[in-house]
Amino acid sequence: ARMEGIVVFDYADRYHIAVAEMAGYLKDGRMKSREDVVEGGIKVFPETLLKLFNGENFGKLVLKVADE
């Protein structure tokens, strides 16, 4: 058996290539971005922040503070 990992910083000079490729995946629907949007404004900030440390969120955690 063999287990091997990588150090992402070894590929820092190629990040721009990965970002461009993944942006294309998002644009054409091959990859989906998940967001966990919490409404309630600034008053729910403390509980929302704790979601990060308790593993209660999925994807990108967003706190909605106002309507557009």
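## A walk through an α-β-α-β model

Going along the sequence, the protein runs α-β-α-β, with two helices and two strands in total. Both kinds of element are DSSP runs numbered from the N terminus, where helices are H or I with at least four residues and strands are E with at least two. Keep in mind that this is a predicted model: local features need pLDDT of at least 70, side-chain atom pairs count only at pLDDT 80 or more, and totals for chains, interfaces and linings use all residues. Residues are numbered from 1 along each chain as its sequence is written, and side-chain values use heavy atoms, with hydrogens and water left out.

Let's begin with the overall dimensions. The C-alpha atoms fill a box of roughly 45 × 35 × 25 Å along the principal axes. The radius of gyration is 17 Å, whereas a compact globule of 68 residues would come in near 11 Å. That radius is taken over C-alpha atoms, and the globule rule is 2.2 Å times the number of residues to the power 0.38. Buried residues make up 9% of the 68; here buried means under 20% relative accessible area, exposed means over 50%, and partly exposed is in between (1.4 Å probe, protein chains only). The accessible surface comes to about 6300 Å², and carbon and sulfur atoms own 59% of that. Those areas come from the Shrake-Rupley method with a 1.4 Å probe, and for residues only the protein chains shown count as cover. As for contacts (heavy atoms within 4.5 Å), take those with a separation of 6 or more: 39% of them are between residues 24 or more positions apart.

Now to the elements. Helix α1 covers residues 15–28, and its 14 residues reach 20 Å from the first C-alpha to the last, close to the 20 Å expected at 1.5 Å a residue. The expected span is 1.5 Å times one less than the number of residues. Just after α1, G29 takes a positive phi of about 85°. Around here there is also a salt bridge, R30 to D28, with the closest N and O atoms 3.1 Å apart. The term stands for a side-chain nitrogen of Lys or Arg within 4 Å of a carboxyl oxygen of Asp or Glu. R30 counts as exposed at 59% relative accessibility, while D28 is partly exposed at 47%.

K51 lies in helix α2 and D36 in strand β1 (residues 35–39), so the pair links parts that are 15 residues apart in sequence.

Leaving out residues up to four places away in sequence, T48 touches V38, L61 and L63. For another view of α2 (residues 45–54), look at L52, which counts as partly exposed at 46%. An α-helix has 3.6 residues a turn, so residues three or four places apart point the same way.

L52 belongs to a nonpolar surface patch together with I42, F45, L49, L50, F53 and V65, and the accessible area of the patch is about 730 Å². Patches are built from residues with over 30% relative accessible area and no salt bridge, joining like charges within 9 Å and nonpolar side chains (Val, Leu, Ile, Met, Phe, Trp, Tyr) within 5 Å.

K43, in the loop between β1 and α2, is 22 residues from V65 in sequence and 9.1 Å away in space, C-alpha to C-alpha. K43 counts as exposed at 69% relative accessibility.

One more salt bridge joins D67 and K64, with the closest N and O atoms 3.1 Å apart. D67 is exposed at 66%, whereas K64 is partly exposed at 29%.
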